Amino acid sequence: CQICHHLFTNKSQQNDRLLRKKVLQASPENALTPAWGQEVTLKMQGVLEDRTVVEKDCKLVFVIGEGDVNQALEECTISMKQGEIALLLADSQYTYGHLGREPDIPAWAPLLYQLELLDFREKLEPLSLPIPDRIRIGNQKRERGNFYFQREEYGMAAQAYCMALDMLTTHTNDSQRCASEEEDEEVNDYRVKCLNNLAAAQLKLGQVDEALHTSRDVLFLDPQNVKALFRKGKLLSDKGEYEEAMETLKKALKLEPSTKVRGVTISPEHI
């Protein structure tokens, strides 16, 4: 369309405007805009400069400010009114940057979105949701954390894992458990995955004490988790706490004898 062409061809002339929005269909003047922390529902399609469709969702649901989507979508959505339809030309700094997104979005590629704000509401508290919904949303947050981790955005990854852990609970508002035995086991399994991933992100951020604490949280849920045992043993060794480190590493090696303990140095007197 002519508007799309205009936005793309003029981006170099206005390179100080990394996000450029054009309203296609305005909302009534009394329509409301969403706020930071609210849950929004968006109809969205994103294309490259050659009009290749790379993102499409008729009912994209996310919470503004939680990193569930790229920054361009968050920034634009918070400026829209319910029912509004708009085009958004987003510089790569606000989307997928120098890494792009395999296999369909090249590095440094701007994206053109057509967006419609369908609805928004207050974010639901995890304890008010059914267990299957908590598991679904928690896993979405965990997978988003994995996405950030692979891109070496470790702070965002840690934030996503923490939000996943907030969602992955079987308690109610009165601290009672509301899950079946099967659901409880499933939630714990996902919590273990999240905690192990969080510990890895914390180590990348240099948060050694936090990573050790997180590894202990894993072992509280799964005392025979080999990954957490090796990580805990390595961290204890680095801190000079050799006795506990050796006890932990021996337990890990007993569970998985073929695993090499890399980077762990124990003085002979502690063996």
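## Pockets and a helix pair in a predicted model

In the lining of the second largest pocket, the largest share, 3 residues, is supplied by α3. The structure is a predicted model, and α2 (71–77), α3 and α4 each give at least two residues to the lining of this second largest pocket. Its volume is about 370 Å³, and among the 23 residues that line the second largest pocket, those closest to its centre are Q71, Q93, T95, Y148 and E153.

The largest pocket has a volume of about 920 Å³, and of its 36 lining residues L60, V61, F62, D68 and Q140 are the closest to the centre. At least two lining residues of the largest pocket come from each of β2 (38–47), β3 (53–63), β5 (111–122), α3 (131–150) and α4 (154–167). The classes of residue in the two linings are set out below.

The crossing in which α4 passes α5 is left-handed. On the α4 side the contact is made by Y154, A158, Y161, C162, A164 and L165, which meet R191, C194, L195, N197, L198, A201 and K204 of α5; by class, this contact of α4 with α5 comprises 10 nonpolar, 1 polar and 2 charged residues.

Conventions. Residues are numbered from 1 along each chain as its sequence is written. This is a predicted model: local features need pLDDT of at least 70, side-chain atom pairs count only at pLDDT 80 or more; totals for chains, interfaces and linings use all residues. Side-chain values use heavy atoms; hydrogens and water are left out. On a 1 Å grid over the protein atoms alone, a cavity is a set of points where a 1.4 Å probe fits but cannot get out, and a pocket is an open set with protein on both sides within 12 Å along at least five of seven lines; lining residues have an atom within 4 Å of a point. Grid points are joined across faces, edges and corners, and a volume is the space filled by probe spheres set on the points. Helices (H or I, at least four residues) and strands (E, at least two) are DSSP runs, numbered from the N terminus. A crossing is left-handed if the near helix is turned anticlockwise from the far one by less than a right angle, and right-handed if clockwise. Contact means heavy atoms within 4.5 Å. Ala, Val, Leu, Ile, Met, Phe, Trp, Tyr, Cys and Pro count as nonpolar, Asp, Glu, Lys and Arg as charged, and the others, Gly among them, as polar.
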